[in-house]
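Hi there,

Here is the structure I promised to pass on. Please have it open while you read, and my notes follow below.

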Amino acid sequence: MSSEIAAGPVDQPQSAVERLHIAGLHAPADAILSVRDMNVRFNTENGVVHAVRGVDFDLMPGKTLGIVGESGSGKSVTSLAIMGLLPSTAEVTGSVRLKGKELLGLSDKAMCEYRGNELAMVFQDPLSSLTPVYTVGNQIIEALTIHNPTMSKQAKEARAVELLAMVGIPSPKERLRAFPHEFSGGMRQRVMIAIAIANNPRVLIADEPTTALDVTIQAQVLEVLHTAQEETGAAVVMITHDLGVVAGMADDIMVMYAGRPVETGAVDDIYYNPRMPYTMGLLGAVPRVDVAEKSSLVPIEGMPPNLIHTPTGCSFAPRCPLAADACLEGEPALAPVPGPAAHRAACIKSGSLGGDVDVHDVFAAPPVPVSRFDAIPREERSTVLQLKDVRKHFPLTKGALLKRRIGTVKAVDGLSFDIREGECFSIVGESGSGKTTTLLEIMEFHKDQDGEVVIGGISNKQAADGKTRSAMRRELQMVFQDPTGALDPRFTVYEVLAEPLQNAGMNKVDTKKRIMELMKLVGLQPDHVNRFPNQFSGGQRQRIGIARALAVNPKLVVLDEPVSALDVSVQAGVINLLDKLRAELGLSYLLVAHDLSVVRHISNRVAVMYLGKIVEIGEVDRVFDNPRHPYTRALLSAIPVPDPQLERTRERIILRGDLPSPLGTPKGCNFATRCPVFAALPAAKQEKCLTLEPPLEQVAPSPAARTLAADPLPALDQRFACFFPDGELDEDMLVVHESADHHAP
Amino acid sequence: MTNLNAVDPAAVAQDAHLEGADVVIGKNTIIFRRFMRNKTAVAGLAIFLALTVFSFVGGYFTQWDKQTIDPFNIGMPPSAEHYLGTSQAGIDLYAMTVEGTRISILIGLIVGLVSVLVAAVYGCTMAYFGGKVDKVMLFILEALIMMPALLVVAVATSGGGEGLRRDLPSWLLLIIVLLVFSWMGTARLIRSLSMSLMQRDFVKAAQYMGVPARRIVWRHLVPNIGSLLVLDITRGVTGAILAEVAFSFIGIGIKVPDVSLGVLIGGATSQVQTFPWMFWVPLTVMFLLTGSLAMMNDGLRDAFDPSSSSSGSAKKRTALKARVKGNAS
C-alpha cells in the first residue's frame, strides 16, 4: 500500500481515487481520525511547493501521536490541513476521516461543525491566540455557545469555571472576569487548552504548545494537557520539534522530513531502535540533561530540500552520511522494518540500522575537543571575569504626573562569581530571573555601577577613560540569541566581520587576511564573504555572529542563548563549534541559556538564578547530579528527556504558579512562595524561611550529601542557598504518570 | 515562527559561479547592478541626466541669452531664429528655459539632498542618545514645524531681509529658506524608525564592540533607513522643485532677472490662449523633471533594500519563497 502512496497522485491521477477507496477500507474501524495520502501544495509564482507529500496515519481514541521534525518539514501544515484552516490557495488532496466521515472538501461552514467541537486545536503562541479585548470567561463561553446553542447561561458559566479549574487556574470563578493580559504566558496557554477541551473534543491537535514557554511552565502545561486528555478521553496529535516533550506523552511517533513521514512506529521503537538515519541524527543531536558523559553531538549537515522540485531520490540523501547511489534512485517508500509490526521507515538501508548502531559512528561526530586548560586545576588558572556583589535595582513608579516610588525591582541582587581561563560558566533560570540583566551589567562596564566587574584585570571602577574601556572590549565579546537580528541586514559578511577589526585599528590587508581566517575557523566558505546575511541559514548566521565575536581575539565570549533560535540538527553543529573553539583558542564562555541540556553539555560550572540571586552554584556535574536547592531540583525535573521509559516512570516536581511579582517577594527566601520543601515544612520551620535570607553555603561533604565521590574533598565546588535542602517535598507538587516502581525519596 | 533555515536556492546558484573567484564585490557594485535591472528607473535616470546636461550646455546652441531683448520678435511663436519663440518682452524662450531648468534642478538637488541629510543625522542622533538630548532636539524640531513657512519665505524674499537680498542671488536665498523648513517631517519619521532600530541586536553588538557613537549612527542607523532616505531624497527634490515653482508662481520665490521654471510658468498662465508655447514649454520640462525623479525613486529603493522583493530575479524568488514558508509554518 505504501509504495503506491509514495508515487503520489501527480504521476497516477487515475488511480488516486481508487487507491483512496482501498485505503479507506483498510483504515481500522475504530480509528477516530484517519488520514490517508494527504498532499498539500501551495501554488506560487515560482512553481508548486509540495509542502506535505503523502501523510497517512490512524489515531486511536485516547492515544497520542507525536509528529516531530525540523521547521519546514510540514508538521504544522499537516495539522492545519486536518483542521481545514489552510488558506484557500492551498490545494489539499487525499482523505481525512473523523469517525469515518470525510472532512476534506467540506465547505468552511460545514467544517465549523467539527472545529472546536470534535476537533480542537491548541496553538503555539499563547500571547496572540486570545483576543485581548474579551475576558477569558467570554472566550470560553463563546466556544461553548457556538456548539451548544441551547445551553443556559448559568450552565455555560458553571462549565467555564469547571474548565478553568481543570486546567489548574487558581480561584477560577474570579479569574473568569479577567482579561488575557492579566495572565502570564503559561496561564494563557492553560486558558487555550480550556477552550480547546470545552466541548469534549475527540481529537485535540497541539501545535508546539510549549515552545514559547519556560521549562517549569512547560512542565505545568504538559501536565495540564495530560489531565485534559485523561478527562476528555480525546486522542491527541502533538506536534513538536523537541523529542523530549513527546517522549513521555506519545504512544506513537511520526517523524517527518521534507513533507513526508520518514519513520513511524510506537514511541519505544522510534527512540530505542531508529531505522532511518534522519531519526537517528535527530536523537543524536539532542544533548541530554541526565547524562554527564562528554561526547560530541551529532550534527546533520546541510539543510532540508527545496520542495518546489520533486525529489528524484531519497529527500534526505544529500544530508545522509550513509547515502549510496541506490538512494538517489527513486524515493524510498515507508516500508515495514524487521521488528514490531507497526514500525515503518522510509530508508533502503533500514534493515542494517537499529538500536545497536551507534549514531556517532554513522554521522561521524567530531571527537571531543580537549583544551590545554583541562589539565590545569581551576585554582591555578587566571581569572578572566570577576563579579563582586553586583546589583541592579530598578525603581518601580506609579502615577503619570507625580511619580511615586512604590517599590524596587531587584533584577540583579548581589551577584558574585568568577570565570577562569578556558572555562564555560553558565547561568540558568526562568525568564525574569535576571540572567539577561546580569549580562547587560557586565557588557555595560560603567564606573557608576553598583558592584565591581573585573574583566581581564581591568575593573569597572577604574574604567573612566575610553582607552581602558576599549582595552576591555577587546577582552570581551558577545554572541546574541537571534542570529538574524544581530547582523546588520545591510552589511555583507565581509563588512560584518571587518567592523570590529577596523575598530581595533587594523589595516586593510590584515583585515582581509583575518576575515578569511575567521571564516575558516567557524566552518564557513571563505568566498561567501560577499553575501548578505539573509542568504545564509540560521545556523550559518550564528556562525557569522561567532566569527564576529572572535575577530579581535577576546579571552571571554558572552553567549546569550546562542542556540535557542535554531533547529536541533543545526543546534548540534553550533554547539560542537563552540566546544571546539573553546578548546582550540583557550576561550572562556559566559553562557546564558534556558535549555539545561545544552548547559550541561557545554559548561564546566553553572549558576542557578532565581529572582536576581544565585541559589546554587558549582561544577556542572555536581549541581546536575546532586542538586541541593529545591529550585534546582524543580528545574531539572522539569526538563523532558528524550527517553520514553525514563520519561514515563520518573517523578517530576511541578512548581505551582509563575515567578512572583517583584513587589510580592518575601522577606526571607525568595523561593518560599513556590518551594515544594517549604510547603511540606512544619510551621515553625517555615517561619525561618520567611524571615531569614539563606546565605550561599558550601556543600558540606557529609554523609547526608549524596555525593558520588567517596573521598571527602576539603571544598566541593558547589554552593547553595537553602536552609532545608534535605526536607521532604510536598506531595501535591510531585507527579508520576504511570505507576512507577520507585517513589518519593 | 520565522523560518531560519530557509536559504535562497537562487543565491546559492548565483554563488556557484562566484566560487573560486576570490573577489570581494563592493556593495556599491551590487547596488548599482540592482538599479540597472529596473528599466523604468534607468529611463528616469536617463531623462534626468539629459535634462541636467541640457540645462548646462543648451545655452551654447543659441546666440540669445536670457537678458537680451529682440525688439523685432516680441511674443512670436517658435521659428528658426528663436527655437521656442519669444516672450512678450521679446526675450528668447529657449534661453530662458535652459536657465530656468538649471536653477530649478539646482534648487531641487541642493534642497532635496541637504534637507534629507540634515534630517537623517538629526533624527538618528535624537534616537541614538535619547533622554535629554532627544527632548531638547525634539522641542527645536516642533518649534520649527509650527513656524509658518509661507510667511517666512514671503518676508525673506520680498518685504524684509533687504540686506540678505542685496548680498545673495534670489535663488540662493530661496534655497536657504526652503532648507530651513523642509527637513522636520522627515527627521521625525527617521527618529521613530531609528528608535526601533536601536532595539535591534546589531546596534547593541556594535556598542559592545566599542564602536564610537557617531560611527554607529553613520554606519548602522543611516544605511538601515537608507531606502526611506533615498525615497525622501527623490521626493525632496521633487518637492523642492514644486515648491520653487509654487512660490515663484505666486511671486514670492525667484525674482526677475533670475529665471526659473516657476517664473516662466507663472508669467505665462494669463496668456495660455494667446501664447500657448510660453506656458507649455516650461510646464513640459517641469513634468519631465519631476516624472523622471519619480521613475528613479522605485528603482533606487529596491537597489538599496536587501529584503526588497523586486530587485532582480534572484531576489524575487527569495521573497516568494519566504512568503510560502511563512504560510506553511
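Two strands count as paired if DSSP finds at least two bridges between them. Strands (E, at least two residues) and helices (H or I, at least four) are DSSP runs, numbered from the N terminus. A word on the source: this is a predicted model, in which local features need pLDDT of at least 70 and side-chain atom pairs count only at pLDDT 80 or more, while totals for chains, interfaces and linings use all residues. Residues are numbered from 1 along each chain as its sequence is written, and chains are lettered from A and ligands numbered from 1 in the order in which they are written.

**The sheet in chain A**

Eight strands of chain A form an open, mixed sheet in the order S18-S19-S20-S15-S21-S22-S25-S24. Its edge strands, S18 and S24 (697–698), each pair on one side only.

How many of the residues of S19(A) are buried? Five of five, in the stretch 556–560; buried here means that 20 or more other C-beta atoms, placed from the backbone, lie within 10 Å of the residue's own. In a regular strand, side chains alternate between the two faces of the sheet. In S19(A), both faces are covered: A:Leu556, A:Val558 and A:Asp560 lie on one side, with A:Val557 and A:Leu559 on the other.

S18 (residues 476–479) of chain A runs parallel to S19(A) over four bridges. A:Leu476 sits opposite A:Leu556, and A:Val479 has A:Leu559 as its bridge partner. S20 (residues 588–592) of chain A is also parallel to S19(A), joined by five bridges, and there A:Tyr589 partners A:Val557. From S19(A) the chain crosses through helix H19 (residues 568–585) of chain A to S20(A) in a right-handed β-α-β crossover (with the strands pointing away from the viewer, the path from the first strand over the helix to the second runs clockwise).

**An enclosed helix**

Why is helix H16 (residues 493–503) of chain A largely enclosed by the rest of the structure? Because eight of its eleven residues are buried, including A:Tyr494, A:Glu499 and A:Pro500. These buried residues pack against H17 (508–521) and H18 (538–550) of chain A, together with H10 (201–208) of chain B (contact means C-beta atoms, placed from the backbone, within 7 Å). Just after H16(A), A:Gly505 takes a positive phi of about 85°.

Do write back with any questions.

Best wishes

Technical notes
A residue is buried if 20 or more other C-beta atoms lie within 10 Å of its own, exposed if 12 or fewer, and partly exposed in between; C-beta atoms are placed from the backbone. Two residues are in contact if their C-beta atoms, placed from the backbone, lie within 7 Å.
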